[in-house]
Amino acid sequence: MTYRAPVTDMIATLKQAAGLDQAIAEGLYGDLTLADIEAILEEAGKFAGERIAPLNTLGDKHGTPFKDGQVTMPPGWKETYTDWSAAGWNGLMADADYGGQALPCIINSACLEMWNAASGAFGLGPLLTQGAIEAITAHASDELKAKYLPKMVSGEWTGTMNLTEPSAGSDLAGMRTKAVRAGDGTYRITGSKIFITYGEHDLTENIIHLVLARLPDAPAGTKGISLFIVPKFLVGEDGSIGERNDVRCHSIEHKLGVHASPTCTMVYGDKDGAIGWLVGEENRGLMAMFTMMNNARLAVALQGVSIAERATQQAIAYAAERRQGRAPGYTGEGMGPIALHPDVRRMIGTMRAYTRAARAICYRLASEIDRAHLGKTAEERAAGNARASLLTPVAKAFSTDIGNEVASIGVQVHGGMGFVEETGAAQHMRDARIYAIYEGTNGIQAIDLVTRKIGLEGGALVDAEIARMRKVIADVAGTNAADFGRTAPRLTEAVDALERATKHLLAALKSDQADALAGATPYARLFGLALGGTSLAEKALAARAGTSDAVRAEATGLARFFAENLATAASGLAESVVSGGASITDLDIPLAS
């Protein structure tokens, strides 16, 4: 089965859970209208479904053959990418001064979900390029911006992010790649990087690498890291392509999934050193790179949503066609569709509820990022930035975790055929696995949430978020609607659990950091459940006015399902946070077999 972009639910989520209507009414997006946004997303959905989605299985089987330093992308990849770039999709958020459309993050986020649902391997290249564009825009000199941004924004050149080394993964303090001043304003880069997405390919004539490296006189640790632009081919003053830089792809990884995304080991400086140009200030490169990484975390969260959506669509289609047994109440002849069996309904309900909850969280984060950039006052921008900071690790961890879980359930819905590659369900499961790992593992996201984010503004920020959730629950209870079932009390229990766990962690951070760290991962999941459940309830409330009976019933039913079947895990997670720390820190794990 191919992919059909769920544009209707995307727009409903933007309006009902991410505050799009309010933002437009406030003038946050200038003269952009809802009709404009709907038209953009409809066109993006068409391109994703008609052009990108057919490449997904082909790309998985073909991979990215590597020979003599060159990567060959799968058939059809270059033509589709060229047409995609020509349509302007690469520059949605980019500065208009460099050929971009300067559209808000919330629109780009919905489009990112579609590109990655159609093919996660295809979507990865533009994801990194857009991050590189943002880092250069925010931190590079005007000269470097003028030289590199126009063709990166147009998609004629792609960008990469070069952080990881064999000795420096999540902890960059051990980085060994070196940069030496050349005396002419440039630097010579030597060293190697691993796990570089789209580090080499044949889609474009040039690749612009953003590389972290250390100067000889740099301070120790992460405070001594600088960021450099290192193009594959040198660029002349007139923008023309020059000679090959001293950088090459040494090899590509043979991976569990996303086979059509080349993951490269890059070598800098076989000869005299790759020529690089400083981005920002010396020894402050990590700050510049984090500009790229923070939005990349939202993008990866959206990859979790995208793979969950793709797996859900396929599971629903299969369950409607596959006939086995007779579900209670089935009156047709012969065997009935497995979609009617209660346990299969439970699985499909779980897939859809998790997917839509994660979508709501991600779109809300995108909305807060927009407020951080577009707010009319400094106070509004600061508030948006603070809320975005709190939501980023929640969105990344929750969405990519459910991407894995939903893809796995999709295999289960297919039964034995799910374990067979020809159905495609197995590919979704393989592709999903990396999302919880890269751009900061979900364990690191949870630690960031607990040690840096819930304490923002002395805990007032998370208190305000909890109060916001309680307001939604009160509105649900106030409807006195029978079709909401036990939504309000179950969500109340989830938010109570979140508040209890939050208070425990804020106290533990002052007295027993090991206990706080031990509870970080269950706390991140707990936060996602409470926020996801109340987000679906918020959508259901909005759907009670001005929509059809079918839309209202679906939204209310899904919110109720989430509250009564998924949010119920919240109390157990809170107990793990509050009481489970000692069982982790005291656990005797031998360091040698």
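1. Aromatic cluster. Phe47, Trp77, Tyr81, Trp84, Trp89, Trp115 and Phe122 make up one aromatic cluster. Rings of Phe, Tyr and Trp (its six-membered ring) count as paired if their centres lie within 6.5 Å; planes under 30 degrees apart are stacked, over 60 edge-to-face, and the rest tilted. The structure holds twelve aromatic pairs.

2. Basis of the note. This is a predicted model, in which local features need pLDDT of at least 70 and side-chain atom pairs count only at pLDDT 80 or more, while totals for chains, interfaces and linings use all residues. Residues are numbered from 1 along each chain as its sequence is written, and side-chain values use heavy atoms, with hydrogens and water left out.

3. Trp84 and Phe122. The ring centres of Trp84 and Phe122 are 6.2 Å apart and the planes stand at 85°, so this pair is edge-to-face. Trp84 sits in helix α5 (residues 77-86) and Phe122 in helix α7 (residues 120-139), so the pair ties together parts that are 38 residues apart in sequence. Helices (H or I, at least four residues) and strands (E, at least two) are DSSP runs, numbered from the N terminus. Are these two residues buried or exposed? Trp84 is buried, at a relative accessible area of 0%. Phe122 is buried too, at 2% relative accessibility. Buried means under 20% relative accessible area, exposed over 50%, and partly exposed in between (1.4 Å probe, protein chains only).

4. Tyr354 and Phe398. This aromatic pair is edge-to-face, with 6.2 Å centre to centre and 70° between the planes. Tyr354 belongs to helix α10 (residues 342-374) and Phe398 to helix α11, so the pair ties together parts that are 44 residues apart in sequence. Tyr354 counts as buried at 8% relative accessibility. Phe398 counts as buried at 1%.

5. Helix α13. In α13 (residues 442-453), the buried residues are Asn442, Gln445, Ala446, Asp448, Leu449, Val450 and Lys453. What covers them? The cover includes α9 (285-321), α11 (378-414), α15 (487-511), α16 (513-518) and α17 (520-542).

6. Leu509. This residue is found in helix α15. Leu509 is partly exposed, with a relative accessible area of 26%. Not counting residues up to four places away in sequence, Leu509 touches Val450, Thr451 and Ala516. Contact here means heavy atoms within 4.5 Å. Val450 is among the buried residues of α13. Leu509 and Ala383 are 126 residues apart in sequence and 24 Å apart in space, C-alpha to C-alpha.

7. α15 against α19. Two packed helices are described by the angle between their axes and the distance between the axes. α15 and helix α19 (residues 570-579) pack at an angle of about 10°, with axes 8 Å apart. That makes α15 roughly parallel to α19. Axes are lines fitted to C-alpha atoms, for helices over the stretch in contact, and angles run from 0 to 180 degrees between N-to-C directions. Angles under 35 degrees count as roughly parallel, over 145 as roughly antiparallel, 65 to 115 as roughly perpendicular, and the rest as oblique. From α15, Glu493, Ala494, Ala497, Arg500, Ala501, His504 and Leu505 meet Ala570, Ser571, Ala574, Glu575, Val577 and Val578 of α19. By class, this contact has eight nonpolar, two polar and three charged residues. Ala, Val, Leu, Ile, Met, Phe, Trp, Tyr, Cys and Pro count as nonpolar, Asp, Glu, Lys and Arg as charged, and the others, Gly among them, as polar.

8. α11 against α14. These helices pack at an angle of about 80°, with their axes 10 Å apart. That makes α11 roughly perpendicular to α14. Ala386, Arg387 and Leu390 of α11 make the contact with Leu461, Val462 and Glu465 of α14. By class, there are four nonpolar, no polar and two charged residues.

9. Strand β8 (residues 233-235) and strand β9 (residues 241-244) pair in the antiparallel sense over two bridges. Strands pair if DSSP finds at least two bridges between them. Val235 has Ile241 of β9 as its bridge partner. Five residues lie between the strands of this hairpin, and Gly239 in the turn has a positive phi of about 85°.

10. Most residues other than glycine have a negative phi. Phe195 has a positive phi near 60°. Its place is in strand β5 (residues 187-197). Asn480 also has a positive phi, near 50°. Asn480 is in the loop between α14 (460-479) and α15. At 70% relative accessibility, Asn480 counts as exposed.
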